[in-house]
Amino acid sequence: MPASGGPPVLFVGRISESVRVLGPGTRAVVWVQGCPLRCPGCLSPEGLPFEGGEPWAVDALAARLHALPAEVTGVTFSGGEPMAQAAALAALVDRMRAARDWSVMSYSGFTLERLRRGDAGRRELLARLDILVDGPFLAERQRPLLWRGSDNQRIHWLTDRHEPPAHDGSAGLEVEIASGSIAWNGVPPVPGFRENFERALDRDGIHLTIPRRTDVR
Ligand code: SF4
């Protein structure tokens, strides 16, 4: 939050505008910047540092998301750790839902039980979520699961907006290609996917929009 007491600000690593592999239907994904945890083998190391990220006033970010096509009916918060910016995300959800009834999902490296004992901002964001995927990524328990990386992570259906799918299998990955660069979305179903993918791109001289795993810690 700005010291002036003005509108909340979010620090965002990137925004994906149309994703089908991180929650029900077609969703925008806001990748927040910064995570206090350090899961060995973290699948999003570029989101770990709290330094960096682009500052977004929540009103401006809500307007950007509201301008997306109507087929984008949900937003997913990933990162980084969304609960590290929970109060600002709760404010974002309120701005978004003032315009239309968005489905809202979030990831967190913290468990639901711990978040429920957390500060007011975390409880405010929890109260606005339709779906929470909780728990740290544990590389030794990596499995091809729906929207999760390891089998300790749980999907909590916090409202009745969505029906839990019958099949708990990997939703797969999507690749975004734009003007000579590539980014990818989704939870890799197999160990080593990211490293192998980046090596293959390197061999072909293709630029990856997301920092390479070896570039961030
Ligand atoms: S909580 Fe998520 S972003 Fe944070 S270290 Fe663990 S896997 Fe990485």
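**Labels and their criteria**

Mentor: The ligand is surrounded by C35, L37, R38, C39, C42, L48, G80, G109 and F137, where a residue counts as near if one of its heavy atoms lies within 4 Å of the molecule. This is a predicted model in which local features need pLDDT of at least 70 and side-chain atom pairs count only at pLDDT 80 or more, while totals for chains, interfaces and linings use all residues. Residues are numbered from 1 along each chain as its sequence is written, and side-chain values use heavy atoms, with hydrogens and water left out.

Trainee: What is the make-up of the shell around the ligand by class?

Mentor: The shell has six nonpolar, two polar and one charged residues, because Ala, Val, Leu, Ile, Met, Phe, Trp, Tyr, Cys and Pro count as nonpolar, Asp, Glu, Lys and Arg as charged, and the others, Gly among them, as polar.

Trainee: Which residues of α2 and α4 meet?

Mentor: A86, A87, L89, A90, V93, D94 and R97 in α2 meet G121, R122, E124, L125 and R128 in α4, contact being heavy atoms within 4.5 Å. By class, the residues of this contact divide into six nonpolar, one polar and five charged.

Trainee: Why is the crossing of α2 and α4 called left-handed?

Mentor: α2 passes α4 in a left-handed crossing, a term used because the near helix is turned anticlockwise from the far one by less than a right angle.

Terms used: Helices (H or I, at least four residues) and strands (E, at least two) are DSSP runs, numbered from the N terminus.
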